[in-house]
Amino acid sequence: MADVEQSEIDPNAPVTKISTPIELKYHFTAGRAASRFMRGLMKKKILGQRCPSCLKVYVPPRGSCASCGVPTEEEVELPPKGIVTTYCIVNVPFYGQKIKIPYVTGTILIDGADIGFMHLLQEVEAEEVRMGMRVEAVWQDDSEMVPGLESIKYFRPTGEEDAPFEEYKEYV
Amino acid sequence: MREVAVVSFAQSKSVRRADDQNEVEMLMPVVSQAIANSGVPRKEIGFTISGSCDYLGGVPFAFVSGLDAVGAWPPITESHVEMDGAWALYEAWVRLQHGDIDSALVYSFGKSSLGDISQVLSQQLDPYYLAPLWPDSVSLGAIQTRSWLDSGHSEKELAQLVSRNRQFASTNEHSQITKLIDPETYLAKPYIIEPLRIDDCPPVSDGACALVLVAGDRAKACSTRLAWIKGIDHRSEPHSLGVRDLSISVSTKQAGKNCGALDIRADICELHAPFSAQQAILEEALGIDESVIVNPSGGALCANPVMAAGLIRIGEAASRIINGEANCAIAHATAGPCLQQNLVCVLEGGN
């Protein structure tokens, strides 16, 4: 250290801060159920699992029913269609944003599923999106398919009649 | 004190890499098995607690997803320790002393394979002086082994100890390393980090375990043969390795004294010693002589799912009491670097 710098350090001053960077690398394990779900998406299939106890269908499947604490082994193939149970309109620009704002992110409850997942809504004006709106998946081009929800490019309205609130009120 | 017994125990087979299973998938069968064998209906369990470490998977609040294995609906009373499951068992034991509930589920899980476990463990050291140097756990094990050897022991003792543990592990269906090794073969092997040979070190293991504790008369109604916890205590030593004599384990001795382990004649003893010399240090601290069968499971030297390996020691000891192989057992668990924290409990068979 240069003399000039040393002279600026008060040897009696308490050390108030040290920097100790930590970097650890991990292998992520999705698990059996999630792996099947993600590989299914590459084949344009939505695979859920039914709980043998409460009969609820998990999409994405977790391999277990969090309520009953039992393995969910029965696989259920579901259609790439569902309803918007709730949504938000994104108006905030942020670094790395790929989609032009305003756009809509919604919770999609796939037909036959008992848990929704978040996805993007397109081919619809933000102000037209509503709870109960029926939507369908638009898949990526075959060359763009990956084992993950990105294989669904987005969901778009089917134009069918909205689902009544009674039908999905337990999932909001 | 309210009497508390281990009524059931289940564990997975320890494996090098449970690649296709996530933590919940690994845990669920053992939780279900422990509950089924306890005779206590799942919905009647009064308290649920787990021991695990978020650093193992690099996922914050990883223990929350572990609850998927339990069936936490309707809401349950639940707790967690960021420690080996043996300390979760201690909290459950204390909770049962309150007297308002009769049973508790204790489980732990660890996938040591997800990161570089020897590096991950270095981050449990003090954050100012030691952790920034990244001393890996095997090197710290070597320092402790050297300290023990220099206090008047020989590598031949380790050769005997390793060989004996392997003999036991060869008949343990849950063990990861099951290959026999004779003392001569051990001694002919090169050091990996002097004075450690590969066989002095634990394998990298993924595994899970669960047990059910039941108190008082409710326990007696569960089964005719139970493993009663006659005493339990845990003690901790300074965090800084430099201020400790690593060739002995003062905290194990204190915990052993407080729980009555030093005053009883045990048939078997399960010691949580990931490194071979640690087993010898623990035997000495607890005054274990040759009449006691030490680590009939093969010990953590042969299967070491981090965060579960300590609770497995208690479960192994309890299982041997429940199945009638033993009547009195000492079980021990450790946490932290170089046997920093130690838990000892005494288990006795009966109804």
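B:Tyr107 counts as buried because its relative accessibility is 1%, where buried means under 20% relative accessible area, exposed over 50% and partly exposed in between (1.4 Å probe, protein chains only). B:Phe109, at 5%, is buried as well. This is a predicted model, in which local features need pLDDT of at least 70 and side-chain atom pairs count only at pLDDT 80 or more, while totals for chains, interfaces and linings use all residues. Residues are numbered from 1 along each chain as its sequence is written, chains are lettered from A in the order in which they are written, and side-chain values use heavy atoms, with hydrogens and water left out.

Over all chains there are five aromatic pairs, meaning rings of Phe, Tyr and Trp (its six-membered ring) with centres within 6.5 Å; planes under 30 degrees apart are stacked, over 60 edge-to-face and the rest tilted. Here are two of them:

| Pair | Centre to centre | Between planes | Class |
|---|---|---|---|
| B:Tyr107 and B:Phe109 | 6.5 Å | 20° | stacked |
| B:Phe61 and B:Phe63 | 6.1 Å | 50° | tilted |

In the tilted pair, B:Phe61 is exposed at 59%, whereas B:Phe63 is buried at 16%.

Now to the interface. Chain A brings 24 residues to the contact and chain B 34, contact being heavy atoms within 4.5 Å. About 2,000 Å² is buried between chain A and chain B, counted as the accessible area (1.4 Å probe) that two parts lose on being put together, summed over both. A:Tyr26, A:Thr29 and A:Arg32 supply 29% of what chain A buries against chain B, more than any other three residues.
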